Amino acid sequence: MPIRRTARQIAEQFAIQFPEWMQLEMATGDTIQFGVDRKALPPITRYLRDEEQARFIVSVGTDRRLDAGYFEITNIFGLDQDQVFLLLRTEVDPADPNIPSITPEIHGANWAERELQDMLGVTAVGHPDPRRLVLPDDWPDGVHPLRKDFAYNQRPEIVPGRNPELKSPPEGSTLFPIGPFYPTLEEPVFINLFVHGEHIVGMDYRGFFAHRGIEKLGDAALTYQQVPFIAERICGICGFVHSSCYCQAAEKAAGIEIPPRARYIRTLLLELERIHSHLLWIGLACHFIGFDTLFMQAWRIREPVMWLTEYITGNRKTYGMNQIGGVARDLPEDAKDRILPVIERIAAEVAGVADAIVGDSSLALRLQGTGILSAAAARDLCVIGPTARGSGLDIDARRDHPFAAYGDMEFEVCVEQGGDNWARTMVRIRELSEAIKIARQVLDKIPAGPVMADFAEIPPGRVGVSSVEAPRGEVHHYVRTGAGQRPDRWRVRAPSFNNLQSIPALLQGMTIADAPISIGSLDPCFSCTERLGVVDQTTGQLRIYKQADLLAEFRHKRERRTR
Amino acid sequence: MFRHTISELKEALVCLQAGQVTLRYPFQPHPAEGEFRGLPAVEASRCIGCGACANACPARVISLEDIEGYRLVKFELGRCTYCASCRDACPQEAISMSPMFETATGAAADLVISLRLKLAYCRVCGAPLGTRRAMEWVQSALSETGEYPGEMIKGLEMCLPCKRRQALTTAILLEEVAA
Amino acid sequence: MNRGLLNWCFKKSIWVYHVNAGSCNGCDIEILDVLTPYYDCERFGIRLVHTPRHADALLVAGPVTRQVRERLLRVYEAVPQPKLVIGVGSCATGGGIWFDSYATYGGLGNVLPVNLYIPGCPPRPEAILYGVAQALGLVPKQVAAQEYVET
Amino acid sequence: MTLDKLGLHIFSTLVFPGFFFTAMVGLFLTWVDRKVTAVVQSRMGPPWFQPYADIGKLLGKQMLIPRGSRRVGFLLAPLIALAGSTLAAVIVFQALFDPAASFVGDIIVLVYLAALPPIALIIAGAASRSPFGAIGAGREMSMVLAYEVGFVLAITIVLIKTGSLRFSELSAYQAAHGPLLFSLSGLIALVVALFCAQAKLGYLPFDISEADTELIGGPLAEYSGSGLALFKLAVAMTFFHLPAFLVILFMGPIEPNLFSMAGFLIKLAILLFLIIIVKSTHARLRLDQALHLFWGKLAILALAGVFLALIGW
């Protein structure tokens, strides 16, 4: 185990390594930001990949032409051993909107750079596959929604007759389309499999059917405290993860310290969410291979968790709890008495189901040796979460970048070496009991006190990044605060964004029958991936004039409520 | 083969242990527990049309419009996200989250709540100032404090241009008197 | 066939095809939840089918994104007559939190003729069951537009 | 042939014990299947009339013919499936209710007729010209080749044991020597035949050609309305007459009296229960795994059974 370095030490080391290319701009807590010349991106990326084993997280593109006169591209890396996020900030001249592509160095950057091209109009030169990724097929060229001069509710004219630019199948193979509506995919996505008989020889992907353009909504309405609600709706399964992650990033940017009780409540809800999400996945995985009985049983076991969260938060899925500064409501007084029996029962039933799954030969036949992702491929594609842990990568944001109350928790990071569907299933089954363990610890240790921090205005121009380990892997949010009541840029990287890019590797050499379960084994979440959570801040005019005393009254009342 | 049978039996056991769990809903009610956030309910008689809820709502469900002597406060609850931001924002506690969730309907218009609140007008020029209820609420709140003179509270019933004009006129008058 | 008998059959057997038109997943998993033991919509003869050709009703969740619209229309065409369209969730009902975004069409009603809306974010499984039961005439409609004029 | 005899034939084909009877009972058994599955899955399940309502509704719905499909094949396939099932049902149940109607080699004829619905599926898949249909048809073809071998071997064992392929003689043999099931080779034949029956019905773990979650129904993916209804009816009828056939083959003599009929029903219930439980506790096999099973283990087992039968076990 190498020695953990502090942000400052790393910063100094880099400054020596690349004196002429990197200017240190920020080194606080777990975040280091360098200003980097765009020419230097590929060599630095290579260095980070080879010497630092850095994990590429995401690229963020911001249109800062109005306040600074350039496009800003920030590439975020995770130095997991040092528990540090490394931000490489590059300025791009609007007259020449190009950056050198880093995808040839790290394949996991593929989509992030294509997204830059679509949404901001900054071209990644040297990208191996620069086709359209995010925007609809009928979207006109040259219109980039993330530019500040594009209004959020503008609906550009339909360009008729444009079909997705799909690869043509290799000689002698036939097309087998999956989607856009396919029974095992809860969400629309289009995957063209190229098959010889039953054998898959290649594939092509067109996703982003669920792109809802969350980004521009902030233009008109969303304020700092409204964003958690839209963040929650990035994904209906792991919504709380997104709202927590946004709030943490914003809190980091603004320097807000939230009360310990709020951190524990977040941890509790995150783990409850993991329990229901993993049970949901186990059920769906069984459904994919036709085993409906186990699907029904897994969901039966899961249902009490939904009732529980409904009781605690007022909604089954969209809890509406997170706010910058803490959580909006405290737990009900009898929360502990309600939660413990439910999770104990689930623990017992999960043990039964796990036994059944491990001993079931028909499941083993379908899961073992299918959908294999090697550790090297997993690292290159920057996959995360159970997908990475099933391939032997020992990463988990809860341990590597501690957040909420995870620093106080004891738990095991479940790693399996197989890399196949079976390994990913085992990881999730083991994580279920870990989640139950964590939930118990939270209930034992939760401190009393307030759940909301007091804070003044959020200062503009600050950057905060945060990771949260979602059931599917690490969720990463980037927040750049803006003047007024809105973030200047909010970027969401969902785990499926990386994990989906491993589908070609997973399906190589498999048969059609293995495709649904292999894709499903990633627990893909397309709505997460396709959200593009970005809130742009502009000088939105208020629709209704406010009276100062009304506002004072309202603040007073709100404080009363949150206490 | 033998192990297979054992695991099969175990599975069957897991399944049968639970027994039949199906709820009899909708023939027997199954209400949500705790502070479930169902369809927002508006107590129209308390609403003063201030628009705090409209500012707070992330889904921008609530709109305000002044037409024909009334302020129209419209809740298009079809796209409501049930986040309770409006409830928390309302200074009058006019909005509450009802436990109602059985809201299926054939027409989205069934989910619209519209309130027409009378407007207050400028005493002088007749320009609309906001709702009458809001005016009365502010006035009574101010007079309760006892710190403000009556004419100042009465002065709220004037629009800004008229107030300025009045102030100017007064100033000019004073100047003239002084001269 | 006898018309009354046929109508009875239509009411007792509804096969639904579930379409995600850009929803966040919340409604989708609640729709699946309705199949599972606690709610078990098979009681009402409702089954989830995997191709629109077998379907009697489309269960659409999501605000209908720009990319999905054309495909949604194609699915609608593929459903044999007579067919029902049910919008599930606040997004399908009114476009949800992204009703005016550049990437959506702001609700199912703007794209297809809709027979029933089931609002909720996401609707509880009970709400979905209630909606379906309401369509079958088992339970009454409970909401109506409210108008209030200050006097 | 006199007119009333013709009428009788028509009646026995269309009403009893042919189409109408088998379809009605078959649909009822489909409900039993769904109900038992529901119980295993801890839920309530559908009301008893559900399968009837499903079929009635499908018959009342529009039947879409997809663009680009081969119309004749597309329209004929469901009829072939239904005709095969109906005729097979007539032979099985005449053997049951009217042993005198048995003719030489009726079991062989039955085996051929029972192969019609899968062939209809292959036609349907090929004619609908969707990738799902095409791959489903290909899978069905491989499956037919695989499970028919086992099925024919199982029947060969019966032939060796009883020296006849005629229901009436079979019944007489079992009345004299006890049910075939009680001999080792007979038991092996039943086990092999049960596996094949599961595959013939297209039930889990062998619903490979339809595979809802992979091929979204395979050959049936493009069918709607009455076409789909006919396929569903054919499967429902098969679900009745195929287990009944196995009962007659292996589980003791059939005599036209109440006691024997009650015994028949109990035996049938046991077989159905087995089929349903296997169906609801298994994951779907992949095609290559299923082929391995049928060409490998099961074929060896069946050949061993033939050998045992030859040496008189």
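This is a short tour of the model, stop by stop, with a note on what to select each time.

What you have open is a predicted model, in which local features need pLDDT of at least 70, side-chain atom pairs count only at pLDDT 80 or more, and totals for chains, interfaces and linings use all residues. Residues are numbered from 1 along each chain as its sequence is written, while chains are lettered from A and ligands numbered from 1 in the order in which they are written.

**Stop 1: chain A as a whole**

Helices here are DSSP runs of H or I with at least four residues, strands are runs of E with at least two, and both are numbered from the N terminus. Of the 563 residues in chain A, 61% are buried, that is, with 20 or more other C-beta atoms (placed from the backbone) within 10 Å of their own. Among contacts in chain A with a separation of 6 or more, 68% link residues 24 or more positions apart; a contact means that the C-beta atoms, placed from the backbone, lie within 7 Å.

**Stop 2: two domains of chain A**

Now select 7–132 as domain 1 and 214–529 as domain 2 of chain A, bounds that come from an automatic or database domain assignment. Their centres, taken over C-alpha atoms, are 26 Å apart. Where they touch, domain 1 of chain A supplies 19 residues and domain 2 of chain A supplies 17. Which element gives the most to the domain 1 side? Pick β3(A), which contributes 6 residues; it spans 55–64, and β2 (31–36), β5 (84–92) and α3 (110–119) of chain A also give two or more residues each. By class, that side holds 9 nonpolar, 7 polar and 3 charged residues. Ala, Val, Leu, Ile, Met, Phe, Trp, Tyr, Cys and Pro count as nonpolar, Asp, Glu, Lys and Arg as charged, and the others, Gly among them, as polar.

**Stop 3: a hairpin in chain B**

Move to chain B and select residues 62–67 (β2) with 70–76 (β3): these strands run antiparallel, joined by 6 bridges. Strands count as paired if DSSP finds at least two bridges between them. Show E65(B) and its bridge partner in β3(B), L72(B). Then look at the 2 residues between the strands, where E68(B) has a positive phi near 45 degrees.

**Stop 4: chain C and its neighbour**

Select residues 26–35 of chain C, helix α2, where 9 of the 10 residues are buried. Among them are C27(C), I29(C), I31(C) and V34(C). Finally, show chains C and D together: their contact takes 18 residues from chain C and 28 from chain D. The chain C side has 7 nonpolar, 6 polar and 5 charged residues.

How values were computed. Contact = placed C-beta atoms within 7 Å. Buried ≥ 20, exposed ≤ 12 C-beta atoms within 10 Å, placed from the backbone.
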